[in-house]
Amino acid sequence: IFAAITASTGFSQDMKTLHDFTAETIEGEQLDLSKFKGKKLMVVNTASKCGLTPQYEDLQKLYEEFGGDDFEIIGFPANNFMKQEPGSDEKIAEFCSKNYGVSFTMMSKIDVKGKDIHPIYQWLTTKDQNGVEDNKVGWNFQKYLIDEEGKYVRMISPKEKPYNDSVIAWIKGK
């Protein structure tokens, strides 16, 4: 029965979770994402010069209200859409702090699509890897929800604001 269930959901015992990855923080340190075991996560690709950049405000509000032992946000700056994140990690960190008071985890700039796509985003966008769905990163501020075990839950459109009733209900477990 277990084999039938895992086959039907696409998730197998040996399938990777987000916790199997490491990535570089915006400060240049390696971060083992297994550090977030037991927390729900929102992973989001960010940009400083995008019409959606004000979503940093909602992300920070969400983090201030729910971040801590049970929830974390991880931002991945990316310059894949109309070169809207041209700055260095240092400039991005300064921009986020100065303009939005960002205190959630920010990572080093990566590619979220194309031939140099970061392994985390390969996992997020490929059903064979995440066990749930294939999707493409369509624009800046596309959000992914990850459960406490590091398993992919769902993708949220870039235009959907991060501080919304469905996200809050998911964080609260309702």
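Good morning. Please keep in mind throughout that the structure before you is a predicted model.

I begin with the chain as a whole. Its secondary structure consists of 6 helices and 7 strands. The C-alpha trace extends about 55 × 35 × 30 Å along its principal axes. How does the radius of gyration of the chain agree with that of a compact globule? For 174 residues, such a globule would have a radius near 16 Å, and the chain has 16 Å, so the two agree.

Two further values describe the interior. Of the 174 residues, 49% are buried. Among contacts with a separation of 6 or more, 66% are between residues 24 or more positions apart.

Let us now turn to helix α2, which covers residues 55-66. The helix has 12 residues, and at 1.5 Å a residue it should span 16 Å; its end C-alpha atoms are 16 Å apart, so expectation and model agree. Several residues of α2 are buried, including Tyr56, Leu59, Leu62, Tyr63 and Phe66. Gln55, Asp58 and Gln60 are also on the list of buried residues. Against which elements do the buried residues of α2 pack? Their partners are the strands β3 (40-46), β4 (71-77), β5 (105-106) and β6 (143-146), together with the helices α3 (89-100) and α6 (165-172). After α2 comes Gly68, which has a positive phi near 145 degrees.

My next example is a residue in a loop. Thr25 is located between β1 (22-24) and β2 (30-32). Is Thr25 buried or exposed? Its relative accessibility is 9%, and because buried means under 20%, Thr25 counts as buried. Beyond its neighbours within four places in sequence, Thr25 is in contact with Leu31, Met106, Met107 and Ser108.

Finally, I come to the aromatic rings. The whole structure contains 11 aromatic pairs. Ring pairs join Phe21, Phe76, Tyr121, Trp123, Tyr144 and Tyr152 into a cluster. Two lysines also lie over ring faces: Lys40 is over Trp170, at 5.0 Å from the ring centre, and Lys61 is over Tyr163, at 4.2 Å from the ring centre.

Thank you for your attention.

Technical notes:
Residues are numbered from 1 along each chain as its sequence is written. This is a predicted model: local features need pLDDT of at least 70, side-chain atom pairs count only at pLDDT 80 or more; totals for chains, interfaces and linings use all residues. Side-chain values use heavy atoms; hydrogens and water are left out. Rings of Phe, Tyr and Trp (its six-membered ring) pair if their centres lie within 6.5 Å; planes under 30 degrees apart count as stacked, over 60 as edge-to-face and the rest as tilted. A charge sits over a ring if NZ of Lys or CZ of Arg is within 6 Å of the ring centre and within 35 degrees of the ring normal. Helices (H or I, at least four residues) and strands (E, at least two) are DSSP runs, numbered from the N terminus. The radius of gyration is taken over C-alpha atoms; the globule rule is 2.2 Å times the number of residues to the power 0.38. Buried means under 20% relative accessible area, exposed over 50%, partly exposed in between (1.4 Å probe, protein chains only). Contact means heavy atoms within 4.5 Å. The expected span of a helix is 1.5 Å times one less than its number of residues.
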